[in-house]
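Work through the exercises below with the sequence and the structure at hand. Each task is followed by its solution.

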Amino acid sequence: MPEPKNNGFEPNIIAFLCRWCSYAGADLAGVSRMTYPSNIIPIRVNCSGRVDAEMIIRAFEKGADGVLIGGCHPGDCHYVNGNYKTRRRVLLLKRALEQVGIDPKRLHLEWISLTERIKQLGPSPVKIDPANRCYQPK
Ligand code: FES
């Protein structure tokens with residue numbers, strides 16, 4: 001059997017999450033007692049546009065193996081165009097990271113819109129039965 005390439009390596013991932021979309025999702029996961037990997041450290045920001053180059057570089061300097069920025073979908077930013085600024089910033093920063101020997105794939109920008117995703121999925125297949133205070137399939 002081949003040895004795993006990472007020898008049990010567990011990465012430290014800093015996730016800068018917009019409070020309006022991705023952080024709300026992570027928070028909801030916690031409230032719902034869902035789990036996500038403990039090696040992801042979420043940091044709430046008011047908008048992905050708030051995440052500047054210095055914050056990302058500092059995360060790598062302090063030992064992050066990867067940095068995730070979660071923001072609202074283009075057109076959904078609560079501060080009009082913060083996510084567009086983030087997209088441009090991340091493109092430039094990826095080039096800069098490559099120049100200093102950091103694989104640009106370690107920096108990831110993700111648009112997260114729970115509303116759009118749920119619209120595509122449709123109504124939830126479960127509902128809470130108020131009499132029994134438990135989930136019931138619809
Ligand atoms: S408010 Fe979410 S990315 Fe701007």
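**Exercise 1. State how much accessible surface the protein has and what share of that surface belongs to carbon and sulfur atoms.**

The accessible surface comes to about 10,000 Å², as given by the Shrake-Rupley method with a 1.4 Å probe. Of this surface, 55% belongs to carbon and sulfur atoms. The model is predicted, with local features needing pLDDT of at least 70 and side-chain atom pairs pLDDT 80 or more, while totals for chains, interfaces and linings use all residues. Residues are numbered from 1 along each chain as its sequence is written, and side-chain values use heavy atoms, with hydrogens and water left out.

**Exercise 2. Identify which residues of the largest nonpolar core touch the most other members.**

A nonpolar core joins buried (under 20% relative accessible area, 1.4 Å probe) Ala, Val, Leu, Ile, Met, Phe, Trp, Tyr and Cys residues through side-chain atoms within 4.5 Å. In the largest one, which has 16 residues, those touching the most other members are Phe16, Val51, Ile56, Val67, Ile69 and Leu107. At least two core residues come from each of β1 (13-18), α2 (53-61), β3 (66-71), α3 (82-99) and β4 (107-111). Finally, beyond its neighbours within four places in sequence, Phe16 has contacts (heavy atoms within 4.5 Å) that include Ile43, Val45 and Met55.

How values were computed
Buried < 20%, exposed > 50% of the residue type's maximum accessible area, 1.4 Å probe, protein only. Helix = DSSP H or I, 4+ residues; strand = E, 2+ residues; numbered from the N terminus.
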